[in-house]
Structures are given as C-alpha cells and as structure tokens.
Amino acid sequence: KGDVKCIAAKVLLKETASTTSFFLFPFSIRSVMQKYLEERGELTFDKIFHQKIGFLLFKDYCMNEIDEAVPQLKFYEEIKEYEKLDSEEERLSRSRQIYDTYIMKELLSCSHPFSKQAVDHVQTHLSKKQVPASLFQPYIEEICDSLRGKIFHKFMESDKFTRFCQWKNVELNIHLTMNDFSVHRIIGRGGFGEVYGCRKADTGKMYAMKCLDKKRIKMKQGETLALNERIMLSLVSTGVKHEVLFRRKKLHL
C-alpha cells in the first residue's frame, strides 16, 4: 500500500470526437503549478529570468506594462549577443557600439541609472582594448537587481505568469504515454471508472492509475467533480511527477 502512489492530472483535458469537451481553467493550472514549482524552488527571479520561456514572457510583460524596464531589457539582450561573439575583433566593435548607445549617451544626458563602478569597469577595459566576454558583467548584475524586485512581483501577478505556468505544465507532461506502464488488476471502482494497479516500465515502481470513462462522466454531468478531483490529486505530495494520459474514450489519472 505504501508503495502505491497516485498519478494526478496536470494538463488540460482535451476534446475528442466521441467525448465531451471540458477544460481546466487557466487559474486552476496556475495554482497547481505555482505550488509545485514553489516546493522545488523554481519560482525565483533567477530561475525564471534565465530560462528562455520565462525570459520571453517576462520581457513581453514589461514591453506592454512596465515602460521603465524596456531600455534595461534591450541593454541586457545586447550584452548577451555580445557575449556570444567568438572573435576579439567582433567583440571590440560591438562593445564600442554598446558603450556609445547604452552608456555614453545616458552619461551625456545625466540619465545613466547604473553605478560609477560599472562605468569605470567598462571604460578601463575599453581604453586598453581589452574586450573579454565578461566585459559588461557588472551591468548584467545591476540590470537583474533592478528587475528582481517590484517589477518581478508584478509579473508574478500577471496573466503572463499564468502563461508561464501553463508552459511548465506542458513541459512536465510532454513525454509520458500509456506505453510507459504495464497495467495489472483492478484495485477499486468509482462512479466514473476504475482504479488499476500498474507498474512503470523503466523504474518498476507501482502506482495507482485511475481510468475515468468520459462517456460516463458526460452522462452523469460529472465534469466539475472530475476536475475538482484532478486538482485535489495534483496537490497531493507523492514525491513523483503528477501526470495525465488520454485515450479516445478514457482519461487516465
């Protein structure tokens, strides 16, 4: 019994030709995924900002909602492009362009929001024609520090963060199929289906797989009950990924 774990749903229920279509609302996915990611320390600024989907959604939010962050994000992207350059000649040329556009221009207008230490670091290296990939690292750190506070907290309250949770939900469930399990005997029955004992092929671990008949759910108008059960199961801490699988007539939890 202690070896049997629940596999709970974490993705949208999808429509098929012979079944009813019902969906988990985005904010339900958000609450489930937020709890899941928080428990694993995945909701810090650095974790989200330094992965591609997180950065793109954060940037999209700032471009539409936080005008003050737009120049800093553009500066950040220019620095990241500079860091990818291999030849010293290319870095020298690009570093001067970045300096003129994002540093000197603001210094002349007395609107440069960064520290004197960061300015001095870049000026000293450029005066000696030293252009390591880490030339603008002090600016990277200060840009991140300026974004990780109030701006990041506003992002966490936005629909862009909800979209991030949806993407992470898909990412977590993208590889699992029914072929990953060998299904054994029925260990329980319910109003919408049966619970089977099953074994995961690659690890040999035993799980409980709940198979809901979509036609039966539709006939009994049990969509809300099924979704509520899915949310509750996904909040149970089992130490394993919670997954959902679909077949034409059955939903496997």
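Predicted model: local features only at pLDDT ≥ 70, side-chain atom pairs only at ≥ 80, totals over all residues.
Let's start with the whole chain. The protein has eleven helices, along with six strands. Of its 253 residues, 43% are buried. And if you take contacts between residues at least 6 apart in sequence, 65% of those join residues at least 24 apart.

Now let's go to a helix pair. Two packed helices get described by the angle between their axes and by the distance between those axes. Here I've picked α6, residues 116–127, and α7, residues 137–147. Their axes come within 8 Å, and they cross at roughly 155 degrees. Anything over 145 counts as roughly antiparallel, so that's what we call α6 relative to α7. The crossing of α6 and α7 is left-handed.

Which residues make the contact? On the α6 side you've got Ala-118, Val-119, His-121 and Val-122. On the α7 side, look for Pro-138, Tyr-139 and Glu-142. Sort the residues of that contact by type and you get five nonpolar, one polar and one charged.

Last stop, Lys-210. UniProt, in an unreviewed entry, puts a "binding site" feature at Lys-210. And where is Lys-210 found? In strand β4, which covers residues 206–213. Is Lys-210 buried or exposed, or partly exposed? Its relative accessibility is 22%, so Lys-210 counts as partly exposed; the cut-off for buried is under 20%.

That's my tour, thanks.

Note on methods. Residues numbered from 1 in each chain as written. Heavy atoms only, no water. Axes fitted to C-alpha atoms, helices over the stretch in contact; angles between N-to-C directions. Helix = DSSP H or I, 4+ residues; strand = E, 2+ residues; numbered from the N terminus. Parallel < 35°, antiparallel > 145°, perpendicular 65-115°, else oblique. Left-handed = near helix turned anticlockwise from the far one by under 90°. Contact = heavy atoms within 4.5 Å. Nonpolar A, V, L, I, M, F, W, Y, C, P; charged D, E, K, R; others polar. UniProt positions renumbered as here; feature names shortened; annotations may be inferred. Buried < 20%, exposed > 50% of the residue type's maximum accessible area, 1.4 Å probe, protein only.
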